[in-house]
Structure formats: C-alpha cells, structure tokens
Amino acid sequence: EAVATYYAENSEKFEKNEEVQARHILIGCKEDEPAEKQTAAKSKAEGLRKQLIEGADFAALAAANSDCPSKSDGGSLGSFGRGSMVPAFETAAFALATNAISEVVQTPFGYHVIQVTGRTAAGVQPLDQVRGALRTQLTSQNRNQAFETFIQGLRAKASIVYAEGAAPASSGNAPAPAGGGE
C-alpha cells in the first residue's frame, strides 16, 4: 500500500526518456587524419555497409572489423538515451527504424555503420516494474528514520558526565558535558 501511494505521489520520478538499443561497426579515423586515410576508412565502412545490406551477419563483421571495444559483443552498445552519444551518432541512431542499417556516419572517432536493434518509448515505468526497488527503498528509509528517532530519544534521556580533563573536544554534535566542563 505504501509503495503504491509513493508511486502515485511521485510518478515524475519514474518517467523514462526514449531509448534505443543499437550496435555498430567503427572504422577508426580521427578528424585530423590525412585525406587519404579518411577516404580509405570511409570506403571500408561503405563496403561493410554494403555487405550488411546484402545480408551479412552484423556481429561477425563487427568482431572482424570494428575498432571499438564493443566488437567483442557483436558491436552492441546496449541501450542509450539522448545525450549519451556524440551528436552525429545519436541523430543517426534515433532516426533509424528498428533493424535498419544506417548510411555511413562520420564522428570524431571515425566512420560508423549503425543498426538499431530495439526501441523503448518514452513514458512512465509501470508500478509492477519498479515495485521491488521501491519496496526496498521505502523499507530502508523507514528503518533509518526509526533508528534516528531511537538515537534521538536515547540522547534526550542521557546524562553524560566526563572525568576531570577527559571531555572530548567539541564537534558541534556532541552534547555539552554535565557539570560545566569546557
């Protein structure tokens, strides 16, 4: 009941932006590389794109050709939202239909061939999806509040007396010693 109430009163906290799941093949080539290297890198990326359009296995081509560490996972970048990738890459990825192969996209890292493998629409996460995490969070908050209340109660009832010269330095949190120390 507390979980459902919290969820209803804080629905904005459960909003998710649109995300895409994508994979890519990167032919690395920095923007300041010589023109002939740029041309060769772009040409290689275009050749790989052509193979993909003709039905080649994306993961196998990524593993064999990509200059990105994601090549060991078939080029998979997982899910990401807007603002996570460099602008040219992000624009291309979010414009693609699911399973489509992009044109060759140039970024500061080189030339990419991108495939969006899935898409999650923006919206509010359903209660069933967040119920477990919310229950854990609320239980922890309640436990911490009960503990803090208990400690405050103990402090209010306590009478602390220090032996002569044994009073701790004031930290701002400690109660003043009984008997007029400091």
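Which residues in α4 are buried? In α4 (87–95), the buried residues are Phe89, Glu90, Ala92, Ala93 and Phe94. The legends below take this helix and its surroundings view by view.

This is a predicted model, so to read it by its definition, local features need pLDDT of at least 70 and side-chain atom pairs count only at pLDDT 80 or more, while totals for chains, interfaces and linings use all residues. Residues are numbered from 1 along each chain as its sequence is written, and side-chain values use heavy atoms, with hydrogens and water left out.

**View 1. The whole protein, end to end.** There are five helices and six strands here, where helices (H or I, at least four residues) and strands (E, at least two) are DSSP runs numbered from the N terminus. Walk along the sequence and you get α-β-β-α-α-β-α-β-β-β-α. The radius of gyration is 29 Å, well over the 16 Å that the globule rule gives for 182 residues, so the protein is more spread out than a compact globule. That radius is taken over C-alpha atoms, and the rule is 2.2 Å times the number of residues to the power 0.38. The C-alpha trace spans about 85 × 45 × 25 Å along its principal axes. Buried residues make up 29% of the 182; buried means under 20% relative accessible area, exposed over 50%, and partly exposed in between (1.4 Å probe, protein chains only).

**View 2. What sits over α4.** The cover on the buried residues of α4 includes β2, β3 (76–81), β4 and β5 (110–120). β5 has eight of its eleven residues buried, so this strand is largely enclosed by the rest of the structure.

**View 3. β5 and its partners.** β2 (19–28) pairs with β5 in the antiparallel sense over ten bridges; two strands pair if DSSP finds at least two bridges between them. Look for Ile25, whose bridge partner in β5 is Val113. β4 (105–107) also runs antiparallel to β5, joined by three bridges. Here Thr107 has Gly110 of β5 as its bridge partner, and a hairpin of two residues links β4 to β5. As a reminder when tracing side chains, in a regular strand they alternate between the two faces of the sheet.

View 4. Ser102 counts as buried, at 3% relative accessibility. Not counting residues up to four places away in sequence, Ser102 touches Arg49, Leu96, His112, Val113 and Ile114, with contact meaning heavy atoms within 4.5 Å. Asn99 is partly exposed, with a relative accessible area of 49%. Check the backbone at Asn99 too: phi is positive, about 75 degrees, although Asn99 is not a glycine.

**View 5. Lys30 in the loop between β2 and α2.** Lys30 is found in the stretch between β2 and α2 (35–53). Is Lys30 partly exposed or buried? Lys30 is partly exposed, with a relative accessible area of 45%. Leaving aside neighbours within four places in sequence, Lys30 is in contact with Gln38, Pro108 and Phe109. For a distance to check, the C-alpha atoms of Lys30 and Ala41, eleven residues apart along the chain, are separated by 10.0 Å.
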